[in-house]
Amino acid sequence: MADSRKKSPLPVAAIAPRSERLDTHVLEAFVGYNARRAWLTVTAVFAERMAVYGLKQADFSVLSLLAHNPGATSRQLCATLDILPPNLVSLIAAMDGRGLIERRPHPHDGRAVGLHLTPAGEALVHDAERTVVELEADASARLTPRERETLIRLLKKVYQ
């Protein structure tokens, strides 16, 4: 038997877009909230501009570290970037598959393997780092250079 009760439609006010801004003063007093909002802004620009290189944030970080620390080990990368070893293994495998890195015996530790950029990896990270410098400038354009330096210094105090 059919249900004779019909649901009444939602009141127009409940489905109409809400144009009033919510009071966020409590959230805006939290470091985490503000850091997250800033991170979301920068991340969106990063993803858009790094797509041409086929890089995500973790990829870029690893490549940049290897560019400035040739021969770094997986253990060092994990510790520096706070990445779990299984996650780094797949990341390294993907970079190896793209011909961006190569493994070489570590000069001081016979059990370790040093990771090095290939010429293709060096070229990619060079271009990508230049793009990141530009996107960071764009994402933080509302800050003066001094404010930007202060922000970075203060954020480091939170996580170091």
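Throughout these legends, Ala, Val, Leu, Ile, Met, Phe, Trp, Tyr, Cys and Pro count as nonpolar, Asp, Glu, Lys and Arg as charged, and the others, Gly among them, as polar. The model is predicted, so local features need pLDDT of at least 70 and side-chain atom pairs count only at pLDDT 80 or more, while totals for chains, interfaces and linings use all residues. Residues are numbered from 1 along each chain as its sequence is written, and side-chain values use heavy atoms, with hydrogens and water left out.

**View 1. The lining of the largest pocket.** Here a pocket is an open set of points on a 1 Å grid over the protein atoms alone, where a 1.4 Å probe fits, with protein on both sides within 12 Å along at least five of seven lines; lining residues have an atom within 4 Å of a point. Of its 38 lining residues, Trp-39, Val-42, Glu-136, Ile-152 and Leu-155 lie nearest the centre. The lining as a whole divides into 20 nonpolar, 10 polar and 8 charged residues.

**View 2. The second largest pocket.** Look here for Thr-73, Arg-75, Asp-109, Arg-111 and Ala-112, which line this pocket. By class, the lining has 3 charged residues, 1 polar and 1 nonpolar.

**View 3. Helix 4 against helix 5.** Ser-74, Leu-77 and Cys-78 of helix 4 meet Pro-85, Leu-88 and Ile-92 of helix 5, where contact means heavy atoms within 4.5 Å and helices are DSSP runs (H or I, at least four residues) numbered from the N terminus. The residues of this contact comprise 5 nonpolar, 1 polar and no charged.

Conventions
Helix = DSSP H or I, 4+ residues; strand = E, 2+ residues; numbered from the N terminus.
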